[in-house]
Amino acid sequence: NSHRLPPLMEALFDAALFELHGRLLPAKLLIDEYMHIAARFFDEKEIGFVNGVLHGAARELGALPAAE
């Protein structure tokens, strides 16, 4: 399926969402760390996608205010 995420991106999301859900570290710090990881493997468009997904997930989990 051409709409499937690359396996590495899926793994990144799995790990990031697990950490966001656990709330052991501030969401901004976690997102920043995962953005650094994403930058090593993906291009700017994909990095922007990762950033958007992680911020959206953090807001949905209540780890970030809706305005951020």
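Accessible areas here come from the Shrake-Rupley method with a 1.4 Å probe, and for residues only the protein chains shown count as cover. On that basis the protein exposes about 4800 Å², with carbon and sulfur atoms supplying 59% of it. Keep in mind that this is a predicted model: local features need pLDDT of at least 70, side-chain atom pairs count only at pLDDT 80 or more, and totals for chains, interfaces and linings use all residues. Residues are numbered from 1 along each chain as its sequence is written, and side-chain values use heavy atoms, with hydrogens and water left out.

**Overall build**

- The secondary structure comes to three helices and zero strands, where helices (H or I, at least four residues) and strands (E, at least two) are DSSP runs numbered from the N terminus.
- Read from the N terminus on, that gives α-α-α.
- The radius of gyration, taken over C-alpha atoms, is compared with a globule rule of 2.2 Å times the number of residues to the power 0.38.
- For 68 residues, a compact globule would come out near 11 Å, and the protein's 12 Å agrees.
- Along the principal axes, the C-alpha atoms fill a box of roughly 30 × 25 × 20 Å.
- Buried residues make up 26% of the 68; buried means under 20% relative accessible area, exposed over 50% and partly exposed in between (1.4 Å probe, protein chains only).
- Of the contacts (heavy atoms within 4.5 Å) with a separation of 6 or more, 57% join residues 24 or more positions apart.

**Helix H1**

- H1 covers residues 7-22, and its 16 residues reach 23 Å from first C-alpha to last, close to the 22 Å expected at 1.5 Å a residue; the expected span is 1.5 Å times one less than the number of residues.
- Its buried residues are Met 9, Leu 12, Phe 13, Ala 16 and Leu 20.
- Seen down the axis, the buried residues of H1 fall within an arc of 95°, so they line one face of the helix; the arc is that of the directions from the helix axis to the C-beta atoms.
- As a reminder, an α-helix has 3.6 residues a turn, so residues three or four places apart point the same way.
- On the face turned away from the buried side of H1 sit the exposed residues Pro 7, Asp 14, Phe 18 and His 21.
- Cover for the buried residues of H1 includes helix H2 (27-41) and helix H3 (44-60).
- Just after H1, Arg 23 takes a positive phi of about 55°.

**Helix H2**

- The 15 residues of H2 should span 21 Å at 1.5 Å a residue, and its end C-alpha atoms are 21 Å apart, which agrees.
- Buried in H2 are Ala 27, Leu 30, Ile 31, Tyr 34, Met 35 and Ala 38.
- They cover an arc of only 135° around the axis, which puts them on the same side of H2.
- These buried H2 residues pack against H1 and H3.

**Helix H3**

- Val 53 has its place in H3 and is partly exposed, at 28% relative accessibility.
- Its C-alpha atom is 9.8 Å from that of Leu 17, 36 residues apart along the chain.

**Salt bridge**

- The structure holds one salt bridge, meaning a side-chain nitrogen of Lys or Arg within 4 Å of a carboxyl oxygen of Asp or Glu.
- It pairs Glu 10 with Arg 4, the closest N and O atoms being 3.5 Å apart.
- Glu 10 is partly exposed, with a relative accessible area of 26%, while Arg 4 is exposed at 62%.
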